Amino acid sequence: MPDHSPSTPHRHGGNRQERAEALGCKPAELLDLSASLVPFGPPSWLPRALRRAIANELTPYPDRRYASLRAQIASHHGLDPDWVLPGNGAAELFTWAARDSAAFHSLLPQPGFNDYCRALDCWHGPWQAVPLQLQWAAAFPQAFTNALAAPLLADQGRALWITNPHNPSGQLWCRKSLELLLPQFGLVIVDEAFLTLLPNGEQQSLVPLIDKYPNLVVVRSLTKLFSIAGLRLGYAIAHPDRLARWAAWRDPWPVNGLAAALGGTLLADQNWAKRVQQWLAKEGPWLYQQLQQLDGIRPMPSAANYLLIHGEHSLEPLRLALEQQHHILLRDCRSFIGLDDHYLRIALSDRNGNRRLIKALGAAANCLEEKSVNALSS
């Protein structure tokens with residue numbers, strides 16, 4: 001099949017070490033808003049728990065069954081452990097979802113998360129982009145089909161990949177609109193990596209439908225909620241037969257012992273989830289309103305902890321100015337199919353970080369405008 005992959009080399013945010021080396025600064029000096037992690041994480045108790053896990057889990061091999069972790073995740077969702085498969089982050093699980101999807105023709109709503117393409121290309125799985133409209137209402141949740149630029153071609157020979165909330169737009173799809181699609185496809189993979197950060201986000205989760213639809217797979221990540229990208233932990237929820245097949249395909253011990261030991265404790269910390277949701281409910285609208293007041297850019301409505309912004313002209317000079325002059329990293333959106341250099345994605349920070357961003361955006365925009373005027377007059 002033709003190579004759909006964009007030529008832009010950086011298909012993800014979070015390249016903090018690499019950018020720090022290029023800028024000649026320390027990684028801690030960068031405000032990294034290219035990766036959508038909770039800015040005040042991880043929880044304060046995690047380092048102590050990690051030290052205990054090092055004392056107990058560093059020497060022995062992990063339990064290949066991950067029995068304790070699976071039981072804890074299953075209990076969290078009210079499921080039997082056979083319906084759960086932990087993974088080395090959500091990305092590893094997308095690889096096995098893609099191997100499962102290789103027997104189908106996958107539909108990928110675009111612009112969308114590029115890792116699905118990467119995973120499908122590993123297995124030469126055929127896929128095509130399903131264009132989404134680039135404008136949407138501000139009220140969430142919304143019906144998924146209303147976001148499509150053309151009718152969805154559904155049949156049992158197709159697999160549908162959905163991100164909820166969507167990345168990079170931040171749109172939140174309602175459960176009812178997604179459930180209507182489940183009988184129409186041979187396989188449906190739903191990525192709910194950011195859903196737990198959203199106030200009342202669980203109301204739109206498809207996890208409660210998992211035993212009703214054997215063709216449904218839900219993938220979750222603990223990375224975003226707990227700000228533990230370095231620990232690498234996620235899980236899939238699906239029919240036990242499907243997950244048993246995935247387990248037979250993968251390497252032994254894909255989840256390290258430290259992550260396996262801490263996963264259940266992380267999920268049990270409901271106070272942390274409430275704190276994150278309160279932060280998002282407060283900072284999301286604040287940053288959106290501040291961005292609306294800036295000339296030359298337009299923030300798009302978002303239910304998630306990131307916002308897509310659109311510029312009247314190319315935003316690449318602005319992105320580079322923020323990086324080079326202010327040490328602020330934003331997500332270059334040219335690697336998203338359907339987006340170009342008129343778009344950037346901004347991760348939500350705490351109030352200090354958001355103020356730093358707004359101040360830098362104003363300063364960089366004024367500097368670029370002055371250079372443009374000087375160039376025209378010279």
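Colleague: At what angle do helix α3 and helix α9 pack in this predicted model?
Modeller: The model is predicted. Helix α3 spans residues 67-77 and helix α9 spans residues 257-268. Their axes lie 9 Å apart. The packing angle is about 15°.

Colleague: Are α3 and α9 roughly parallel or roughly antiparallel?
Modeller: The angle between them is about 15°. Angles under 35 degrees count as roughly parallel. α3 and α9 are therefore roughly parallel.

Colleague: Which residues of α9 make the contact with α3?
Modeller: α3 passes α9 in a left-handed crossing. From α3, the contact takes Leu69, Gln72, Ile73 and His76. From α9 come Ala260, Gly263, Gly264 and Leu267.

Colleague: How do the residues of the contact of α3 with α9 divide by class?
Modeller: Gly counts as polar here. The α9 side includes Gly263 and Gly264. The contact divides into no charged, four polar and four nonpolar residues.

Colleague: How is α4 oriented to α8, roughly parallel or roughly perpendicular?
Modeller: The axes of α4 (residues 89-101) and α8 (residues 240-249) come within 10 Å. They cross at roughly 110°. Angles of 65 to 115 degrees count as roughly perpendicular. So α4 is to α8 roughly perpendicular.

Colleague: How many charged residues does the contact of α4 with α8 have?
Modeller: α4 passes α8 in a right-handed crossing. α4 brings Leu93, Trp96, Ala97, Arg99 and Asp100, while α8 brings Arg242, Arg245, Trp246 and Trp249. By class, five are nonpolar and none is polar. The charged residues number four.

Colleague: Where do glutamate 323 and arginine 319 lie?
Modeller: Their side chains meet in a salt bridge, at 3.5 Å from N to O. The two residues are four apart, about one turn of the helix. In an α-helix, residues three or four places apart point the same way, because a turn has 3.6 residues. Both residues lie in helix α11 (residues 316-326).

Colleague: Is arginine 158 buried or exposed?
Modeller: The side chain of arginine 158 meets that of aspartate 155 in a salt bridge of 3.1 Å, N to O. Aspartate 155 has 34% relative accessible area and is partly exposed. Arginine 158 has 16% relative accessibility, so it counts as buried.

Colleague: Is arginine 65 buried or exposed?
Modeller: Arginine 65 pairs with aspartate 63 in a salt bridge of 3.1 Å, N to O. Aspartate 63, at 33%, counts as partly exposed. Arginine 65 has a relative accessible area of 58%, so arginine 65 is exposed.

Colleague: Where is proline 165?
Modeller: A cis peptide bond joins asparagine 164 and proline 165, with omega about 0°. Another cis bond joins glutamine 110 and proline 111, with omega about 5°. Proline 111 is in the loop between β3 (105-110) and α5 (115-122). Proline 165 is in the loop between β5 (158-163) and α6 (175-179).

Colleague: Is tyrosine 66 buried or exposed?
Modeller: Tyrosine 66 sits in the loop between α2 and α3. Its phi is near 50°, a positive value in a residue other than glycine. Its relative accessible area is 5%, so tyrosine 66 is buried.

Colleague: Where does serine 227 lie?
Modeller: Serine 227 is not a glycine, yet its phi is positive, about 55°. At 17% relative accessibility, serine 227 counts as buried. Serine 227 lies in the loop between α7 and β8.

Key: Residues numbered from 1 in each chain as written. Predicted model: local features only at pLDDT ≥ 70, side-chain atom pairs only at ≥ 80, totals over all residues. Heavy atoms only, no water. Salt bridge = Lys/Arg side-chain N within 4 Å of Asp/Glu carboxyl O. Buried < 20%, exposed > 50% of the residue type's maximum accessible area, 1.4 Å probe, protein only. Axes fitted to C-alpha atoms, helices over the stretch in contact; angles between N-to-C directions. Parallel < 35°, antiparallel > 145°, perpendicular 65-115°, else oblique. Left-handed = near helix turned anticlockwise from the far one by under 90°. Contact = heavy atoms within 4.5 Å.
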